[in-house]
Amino acid sequence: MLALVKTAPGPGLSLEQVPDPSPGINDVLIRVRKTGICGTDLHIDAWDAWAAKTIRPPLIAGHEFVGEVVEVGSNVHDTRPGDVVSGEGHVTCGLCRSCLAGRRHLCAHPVGLGVDRDGAFAEYVVLPQTNVWHHWEGIPEEVAAIYDPFGNAVHTALAFPVLGEDVLITGAGPIGLMAAAVVRHAGARYVVVSEPNPVRRELAMRMGATLAVDPRERDLADVQRELGMVEGFDVALEMSGAQAAIRAAMDNMAHGGSIAILGIPTAEITLDVNEIVFRLLTIRGIYGREMYETWYKATVMLQSGLDIAPAIAHRFGFRDHEAAFEAARSGDSGKVLLDWRV
Ligand code: NAD
Ligand code: ZN
């Protein structure tokens, strides 16, 4: 089969002919239809410090996908050829305390699809049956392709109650954009998005933001005044990884406010713990998705009118992967998709 492979340490991914993967007795073999390009894939492509420390080539990248089951192992009874599925990208150990207690998102030893094991930028991918999500009728294929980052958005957006609350989202990449739509759907009053990129601010407004502001030009205290807010944001979703964004969020929280942090800073950052103590803030890290509560909630929200399609900006055939990666790198876009059938 053809796959996008990191063949050796260093920049770049190349389209290579590699052996088809074969499923073990508990595995499912999936013909990939569409994949999404994630920031993680850009790191792997660029071979930055994180990639050099984490990735052991040769490796097929990619973890956001939708595809069709073509073969199942002998122990697999509830998944059949023809099923349309996406993969939960964290393969959990099944043996640690959290896994045994059914809290698989807290697994002590997660293995990442397209990071620690061969991923989905390929014509075929293999996953354990317990990592497969069966799509319900009516979920558009493009939306199904990005259930993994959509799940990141849902997991973060629903980490704290938002009904009737004022929500700040820092960073309007694809995940911040989808989170804006989710908190709007979940009943937030004001949804303020802070994002330096004007194209993404525009997209944030289409996703249901009340206001989308440039943090270099507008102070959030000023935004609060414009909206008639007096005591600060009740909930903040940090989706940029930028130190300035975390600081700005902390400075603008209501007493007792909650901050969910999904964004991954590239270096250690400092926070004033006094702010957390004296304003009684709750800060919670979010990693991946809850298996499979997040996937369920994502699906039923789509069924009840949530629309995340505007977050999808570009579509390419897999042979044009270089142009697709360039579009994703530019940052002037929402999600970039690769089609693996053309
Ligand atoms: P992205 O890089 O496309 O988006 C980040 C956005 O933040 C960009 O649009 C950027 O312009 C904006 N930004 C930069 N500085 C800012 C500032 N000071 N204030 C406000 N916005 C600022 O990323 P994405 O794919 O949408 O992912 C969002 C974040 O979540 C990234 O940091 C990513 O690494 C991380 N992530 C975490 C998990 C997890 O499980 N925790 C999973 C996927 C992605
Ligand atoms: Zn585990």
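The stops below begin at the ligand, go on to pairs of packed helices, and end with a few backbone details in loops. Please bear in mind throughout that this is a predicted model.

**The ligand and its shell**

Begin by selecting ligand 1 together with the residues around it, of which there are 21, and among these E195, R200, I264, I286 and G288 come nearest. If you colour this shell by residue class, you will find that it divides into twelve nonpolar, seven polar and two charged residues. Which helices each supply at least two residues of the shell around ligand 1? They are helix 6, which covers 174–185, and helix 9, which covers 243–251.

Now show the backbone atoms in the shell and look at the oxygen atoms of ligand 1. A backbone N or O atom of P174 lies 3.3 Å from an oxygen atom of the ligand, and for I175 a backbone N or O atom is found 3.1 Å from an oxygen atom of ligand 1. Select I264 next, where a backbone N or O atom is likewise placed 3.1 Å from a ligand oxygen atom.

**Two helix pairs**

For the second pair, select helix 1 (residues 39–46) and helix 12 (residues 321–330), which pack at an angle of about 115 degrees with their axes 10 Å apart. That angle makes helix 1 roughly perpendicular to helix 12, and their crossing is left-handed.

**Backbone details in loops**

As background for the last stops, most residues other than glycine have a negative phi, and most peptide bonds are trans.

Staying with helix 1, move to the loop between helix 1 and helix 2, where W47 is found; phi of W47 is near 60 degrees, which is a positive value in a residue other than glycine.

Go on to the loop between helix 2 (49–54) and strand 4 (59–60), which holds P58, and inspect the peptide bond from P57 to P58, which is cis, with omega near 0 degrees.

Finally, select Y292 in the loop between strand 16 (282–285) and helix 11 (293–303). Is the peptide bond from M291 to Y292 cis or trans? The bond from M291 to Y292 is cis, with omega near 0 degrees.

Technical notes. Residues numbered from 1 in each chain as written. Chains lettered and ligands numbered in written order. Predicted model: local features only at pLDDT ≥ 70, side-chain atom pairs only at ≥ 80, totals over all residues. Heavy atoms only, no water. Near = heavy atom within 4 Å. Polar contact = N/O pair within 3.5 Å; in protein donor to acceptor, adjacent residues only side chain to side chain. Helix = DSSP H or I, 4+ residues; strand = E, 2+ residues; numbered from the N terminus. Nonpolar A, V, L, I, M, F, W, Y, C, P; charged D, E, K, R; others polar. Axes fitted to C-alpha atoms, helices over the stretch in contact; angles between N-to-C directions. Parallel < 35°, antiparallel > 145°, perpendicular 65-115°, else oblique. Left-handed = near helix turned anticlockwise from the far one by under 90°.
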